[in-house]
Amino acid sequence: MSKRILLGITGSIAAYKALDIARLLRQDGHDVQIVATRNALRFFPRLNAEIFTGHPVYVDLFDSSGSVRHVELASHSDLILIAPASADFLSKMALGLADDLLSAICLSTNSPILVAPAMEENMYFHPAVRENMKTLLSRGIREIPPETGPLASGKDGTGRLASPDAVKSAILSVIEHTQTWKGVRVLVSAGPTHEPIDPVRFIGNRSSGKMGYALAAACASRGAAVTLVSGPANLLPPPGVTFRSITSARELEMEMGKAFPSHDICFMTAAVADYRVKDPLAGKKKKDGKVWTLALVENPDILSSLSRMKTSQQYLVGFAAETVLDPKKLLEKLRKKGADMLLANDVSQPGIGFSSDTNELTMCLPDGQVISLGRHPKTVLAEKILDAVEKWGTLPNLVSDHEPSAHARRPPRG
Ligand code: CTP
């Protein structure tokens, strides 16, 4: 299917190769619009690029036509590919600078962005570039990694622009994903809940919400209609997602109960506080030098109540925060909660789980399978989870041109 692809070319010696990429994409029937940085113009023939694509190559943020060029180009593109992406441009993207047309487009778009870095090996592996790349990946930007071979300096190393075929297949996978979940309604809960003690204090947990937000973004980028119900999290809702904010477990229970019947798939990613204060105080508790004892009562188990409401057309995914991963106990939890899939992480391990950008997940299915999804950035894990749901779940409401694979059947419930 033909797409409008915005090809951003930045100041790397590999810029001339971008024209091969443009040609290949055109051959596949895509409309390619090139936007270049000023430095990129030194490395490729602008006129050839305009002839190949049938469009002017844009460089400047402002023109005399009165149009807001970056907003128009951002909203008219189905996908943005930056190839080659220089170290300088990656750093601008990570910082959110918008001092030229291409960087302003990257900030304005809701479409998927792919970057194909090209630079000398020392630059590619420099901690600053690694850090910027990590930031971009955590925002859902995809990397088409550079290849290893002769570099512009004459040395051999990692940093060559990915081949046009590698770029083409990365684009294809994004386009396919964009379509896969079209028509599917997804409900995601994310973040912690805060249980009030008095007007200024609460009981909470260390959940950042990153896993749930990454899932919501991944579902939206596959074309799903997503509702994200979030507890207090210091994150921006992904573009295009319907957002509901809650504070306590009981508010979450109410929102999820209302929304669940009109959704096909539900990810119960929220780290729900298991207990709330029995009688929260109306006014702030003052110090009085005495021991203060709080009576706590158990919160409702939202996942379990959703599983009781669930129809055979719905698919319910639960999460488990554990300090010891025992496959037998995880399968027990999956069955007890009535979910179709349980994703467990070991929150005792440093560097993964709560607050971290990285996680390590173990997937449990009702037929007794326990499969590791590995340790990855949460954005990458979100994609792996969706792939697993495609493989193990039934996806209702798929667009008519999608043929579910033979194994896309829900396993019998154990
Ligand atoms: N969950 C929920 N309602 C609760 C507690 C948890 O819906 N009151 C959901 C979480 O969103 C998650 C799953 O249940 O999807 C498992 O959460 P977890 O904290 O691992 O399990 P608990 O039920 O709290 O069990 P325990 O802490 O005793 O292991």
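The largest share of the side of domain 1 that touches domain 2 comes from helix H7 (residues 127-138), which gives three residues. Sorted by kind, the residues on that side of domain 1 are one nonpolar, three polar and three charged; here Ala, Val, Leu, Ile, Met, Phe, Trp, Tyr, Cys and Pro count as nonpolar, Asp, Glu, Lys and Arg as charged, and the others, Gly among them, as polar.

Before we go on, please keep in mind that this is a predicted model, in which local features need pLDDT of at least 70, side-chain atom pairs count only at pLDDT 80 or more, and totals for chains, interfaces and linings use all residues. Residues are numbered from 1 along each chain as its sequence is written, and side-chain values use heavy atoms, with hydrogens and water left out.

Now let us step back to the domains themselves. The domain assignment of the protein gives domain 1 as 4-176 and domain 2 as 185-392; such bounds come from an automatic or database assignment. Their C-alpha centres lie 36 Å apart. Seven residues from domain 1 and five residues from domain 2 make the contact, meaning heavy atoms within 4.5 Å. Together the two domains bury about 440 Å², 56% of it on carbon and sulfur atoms; buried area is the accessible area (1.4 Å probe) that two parts lose on being put together, summed over both.

Next, have a look at the open sheet of five strands, which runs in the order S2-S1-S3-S4-S5 with parallel pairing. Helices (H or I, at least four residues) and strands (E, at least two) are DSSP runs, numbered from the N terminus, and two strands pair if DSSP finds at least two bridges between them. Strand S2 (31-36) and strand S5 (142-143) are the edge strands, each pairing on one side only. Strand S1 (residues 4-9) and S2 pair in the parallel sense over six bridges, and Gly8 stands opposite Val35 in S2.

Finally, back to charged pairs: the count comes to 21 salt bridges by this rule. One of them joins the side chains of Asp28 and Lys168 at 3.3 Å, N to O. This pair links distant parts of the chain, 140 residues apart: Asp28 sits in the loop between helix H1 (18-27) and S2, and Lys168 in helix H8 (residues 164-180).

Technical notes:
Salt bridge = Lys/Arg side-chain N within 4 Å of Asp/Glu carboxyl O.
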